[in-house]
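Work through the exercises below with the sequence and the 3D view side by side. Try each task before reading its solution.

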Amino acid sequence: RRRRRRRPRALLPSTSSGHNPKLLGAVVANAALAANYAAALSVLPLQCARIAGAGPLEIGSLFSIVGALGVVGGPVSGYVSDTYCRAKVVAPGLGLCA
């Protein structure tokens with residue numbers, strides 16, 4: 001008697017067409033964020049050099065400080081968000097960005 005091969009289970013549930021619209025939306029949003037980040041990384045150093053007269057050391061320092069703040073601020077904001085209501089943390093942050 002031959003054994004039938006089992007199909008691997010999907011990681012996320014899919015619709016009848018085989019596509020998961022929530023997953024597709026997340027992928028599109030992530031691609032948009034990556035494109036925005038890539039555009040900022042390519043334009044920002046040129047603008048710093050042109051407008052502020054910054055050299056390679058100043059531009060590198062700026063990116064290093066931003067990266068270090070992200071490394072420290074990410075876990076801290078995650079802890080605060082988990083400890084307090086997430087909406088109470090996100091709303092002031094969105095207000096600062098507006």
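S81 sits in helix α2. The model is predicted.

**Exercise 1.** Decide whether S81 is buried or exposed.

Solution. Start with the relative accessible area of S81, which is 13%. Then apply the cut-off: buried means under 20%. S81 is therefore buried.

**Exercise 2.** Find which residues S81 touches, leaving out those up to four places away in sequence.

Solution. Two names then come up: R86 and V89.

**Exercise 3.** Search the whole structure for salt bridges and name the partners.

Solution. The search of the whole structure gives one salt bridge. R86 pairs with D82. Their closest N and O atoms lie 2.9 Å apart. Next, check the setting of D82. Its relative accessible area is 59%. Exposed means over 50%, so D82 is exposed.

**Exercise 4.** Compare the span of α2 with the expected one, then locate its kink.

Solution. Count the residues of α2: 28. From first C-alpha to last, α2 reaches 40 Å. At 1.5 Å a residue, 40 Å is expected, and the two values are close. Now look for the bend. A kink of about 30° lies at G73, shortly before the proline P75.

Conventions
Residues are numbered from 1 along each chain as its sequence is written. This is a predicted model: local features need pLDDT of at least 70, side-chain atom pairs count only at pLDDT 80 or more; totals for chains, interfaces and linings use all residues. Side-chain values use heavy atoms; hydrogens and water are left out. A salt bridge is a side-chain nitrogen of Lys or Arg within 4 Å of a carboxyl oxygen of Asp or Glu. Buried means under 20% relative accessible area, exposed over 50%, partly exposed in between (1.4 Å probe, protein chains only). Helices (H or I, at least four residues) and strands (E, at least two) are DSSP runs, numbered from the N terminus. The expected span of a helix is 1.5 Å times one less than its number of residues. The bend at a residue is the angle between axes fitted to the seven residues ending there and the seven starting there. Contact means heavy atoms within 4.5 Å.
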